[in-house]
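Have the sequence and the structure open side by side.

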Amino acid sequence: MPAMSSVLANKSTRVILIAVVAIALVVAPLILPAFTNQTLVRIGVYAVAVLGLNIVMGYTGQVNLGQIFFVGLGAYVTAYGVNHDWNIILVFVAACVVPGLVGLLVALAAARLGGLAIAMVTIALPIVGVPLAKRLDEFTGGSQGTSARFTDAPDWSGLYNDQWQFYIVLLVTAAAFLLGRSLVRGKYGRAFGVVRENEAVAASMGISPYRTKVLAFTVASIFGGASGFLYLAAVQYTSPETLSFGHSISLVAAMVIGGAGSIAGALIGGAYYVFVPQLTNAIDPNLTTISQGAILLVVLFLLPQGLVSLPRVVRRLFRRRTSRSSLPGNPPQNSPVHQPATDAAREGLEKTERQDRS
Amino acid sequence: MTLLELTGVTASYGPVQVLDGVELTVPEGGSVGILGANGAGKTTTLRAISGTVRTGGRIKFEGRDIRGLRPDQVAARGVAHVPEGRGTLGQLSVRENLLVGAYLRKDRGAISRDIDYCLDLFPQLQDRVGSRAASLSGGEQQMLAVARAFMAKPKLLLLDEASLGLAPSTSKAVYEAIRRLRLESGIAMVVVEQNANLAFSLVDTATVLETGRNVLTGSSAELKGMDEIRRAYLGG
Amino acid sequence: MGTFIQLVVDGLSTGSIYAALALAIVLVNQATGLINFAQGGMAVLSAYTAYAFLQLGLPLIVAILVAVVISFLMGAVIERLLVRRFEGGDPDTAVVVTIGLLTLVTGISAVLWGYNNLAFPSLFPLTSVEILGAVVSVRSLATTVTIVAIMVVLQVLFLRTKLGLALRAVADNPGSAAFSGLPVGRLLMVGWGLAAVLGAIAGVLVAPQLTLTPGMLDTALVYALAAVILGGLSSPIGCVVAASAIGVLENLVAVYVPLIGHDLKIAVPFVLIFVILVIRPQGLFGRKVVVRV
């Protein structure tokens, strides 16, 4: 493990590694079976939603229990746009902007409450969202849901649908993660962190906690909307069930289990969101909820930083046991929270293989 | 007879060692002051006794080791801690605060007599029995904190900076009442106090701490006379 | 007019269920500074417990009492084994812990009893009486009366007994309370136990109407949280008033405002919160909503 971290630290090897992963991701859909492609696509879909949630919750410390609402909204806007023959770019923009605006409105009110009240308000979003989606059947198709096909592979590409969808989702997901990464590492990211740690300190530094929270929440909603667009690209169908309360809770669980306040954690969270229900459903559908609760609590007890911190924790245990006395001058292990995104990509692939074997 | 005996007590907050072998002996009915500059470990010594900080060394109360007990268990042995910053229960009324103080007692008749005694000791509280503690003035809250500790009928009272943030006349009144309390009840005390005159008005002996160690111990009369002590720790 | 009275009485009945849950949430928050999002899920598990004892042949009232006792223990154990570790830490983590707990207890209900709706018998007769010319269901009236009675008992417990005094002292300042010899840990367990009992009662009272499912109280929890926001975390009476108002209002709106109707009435308290926050940022009763940050 220590050897690996020094390899990662080396800049040129890191560039090469990223290039290899990028090429692998481009080539992968061409050789992987359709089912695996579809699974990877769904990981991308939910990773974007979890990333948004991570920005408002992990980085800014505002508990948001309604992220799925924005995913659903994005999906409905996409379906509406596609079925009204809008340009696909316009559809994507609308799928981001509409949830963003709704998120802004909700945040303008909810952020005034502060503290846990934001959680108490946002929990209502999916609970109100489901009947609302059923009611607005002109736009949503009511309980039946609505479908929209816009991601069938064009003839000139010579690709199968699952491969074409893979590339669409890969493009948007990669863009979202690069954007998210530069956001949390930049000026706003620092503001998020200060507000999470101490609002009074933030205010004394000239950072408005209120505006920062509203910003983080709005960004999260936009990412939610983008995730909704991808959801429709992958599934081609959405219904009120998409934005149910249980799914919203699952997103929170996925975010925490992946790793709050970590970009790579969002990717792991997306993988968790897709795999674990698949696995438990295969055993007994009744086990899905209980296992999710148990996993979430176990992670909170043993790995409060999420699965993304697992290598770090293992390394620390390892080092403590083997070389306690030989490395007295070693810097403390509170190393950077953000690990390179490639790390998680690899982790996601590993899981895929495990899943396929089981 | 020795009531409380600290031997080689250590304590740390994270990597910072705050107590580094503190010694303290309180005889039954005695009153001992802990003096020293800010950060010398005075408050931590009290917290070590009441079990609110993890400690090493030995802390014996009535001949039995109380180190490692929870705060409520220490309280049950007969130690009442009046923490820095008063520590009243703000949303509860004055009377309720006193009743909470008597939580471990079963003698109902004596409890109501003691409440009357407290109100006699601190007449300012008389009109405020029904008010929430948070609505009291700083001085009244300090009186209430002392009275609440007394209600437990402790054998030992730990008093931390009872004059903090109070007007000089108020501090004086508080200390006069505590002195009367000591005379009439015979409760032993450990007193942490920045104000030298107030401290020496209440204690028989005192020890001076410096970075978590005893540097000087003696009777109040001896210490009072030492100019360097006055300058260094007691602020005149 | 008759319909109106009927709607108000039914609204008070559902409002009293929300109030019981809201009070449980306030109770836990006062004691441990957390918002327990699992309060509804725990109440559902309590109702299932009563159901299980009913299946064993116990009379309904006995089954409910046994479930209430078990719920008390469940609340206490959850506090000790699960929540204790996160008290006084990061409140956001603590919230996620209660979310995990919600998922876990819902999952336990699902594993043991499945997702199919189960019929739960009513403690009260399903008859109606006439009041001022309105037909009012006995069950609604009795539910309201029962919960009001329990609130009175709780009020007496908190204000007139030594245990209540100790619970309030710990809620106020656990560290300071310990100096008077109060066993803080045990009292926190009692606080969680009492909250679970309140939830259990709400659960068994509303189960006949909603029928038992693992997610039976998800919606009620959301209403209760709305009541807590409107009434204030530090004000049990404010929460009860807010919960009753929400119960009545949603019932009236569902019938008299067709645009909203029965399906969207859940939006009512949140639209209310939204409007209030926009008009009066400082909160409903002119003070800031106190949430531990």
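**A walk through the chains**

This is a predicted model, in which local features need pLDDT of at least 70 and side-chain atom pairs count only at pLDDT 80 or more, while totals for chains, interfaces and linings use all residues. Residues are numbered from 1 along each chain as its sequence is written, and chains are lettered from A, with ligands numbered from 1, in the order in which they are written.

Start with who touches whom. Of the 2 pairs of chains in contact (C-beta atoms, placed from the backbone, within 7 Å), chains A and C share the most contacts. Chains A and B, on the other hand, do not touch, and their nearest C-alpha atoms sit 13 Å apart.

Now the A–C pair: 37 residues of chain A meet 38 residues of chain C. On the chain A side, two or more residues each come from helices H5 (88-113), H6 (117-122), H7 (124-135), H13 (245-258) and H15 (287-302). Helices here are DSSP runs of H or I with at least four residues, strands are E runs of at least two, and both are numbered from the N terminus. H15(A) gives the largest share, 9 residues. By class, this side of chain A has 26 nonpolar, 7 polar and 4 charged residues, where Ala, Val, Leu, Ile, Met, Phe, Trp, Tyr, Cys and Pro count as nonpolar, Asp, Glu, Lys and Arg as charged, and the others, Gly among them, as polar.

Over in chain B, look at strand E3 (residues 31-36). 6 of its 6 residues are buried, so E3(B) is largely enclosed by the rest of the structure. (Buried takes 20 or more other C-beta atoms within 10 Å of a residue's own, exposed 12 or fewer, and partly exposed lies in between; C-beta atoms are placed from the backbone.) Ser31(B), Gly33(B) and Leu35(B) are covered on one side, and Val32(B), Ile34(B) and Gly36(B) on the other. E3(B) runs parallel to E8(B) (residues 188-192), joined by 4 bridges, with Gly33(B) opposite Val191(B). E3(B) also runs parallel to E9(B) (residues 205-210), this time with 5 bridges, and Gly36(B) stands opposite Leu209(B).

The buried residues of H3(C) include Ala63(C), Phe72(C) and Val83(C), and its buried residues pack against H1, H2, H4 and H8 of chain C.

Methods: Two strands pair if DSSP finds at least two bridges between them.
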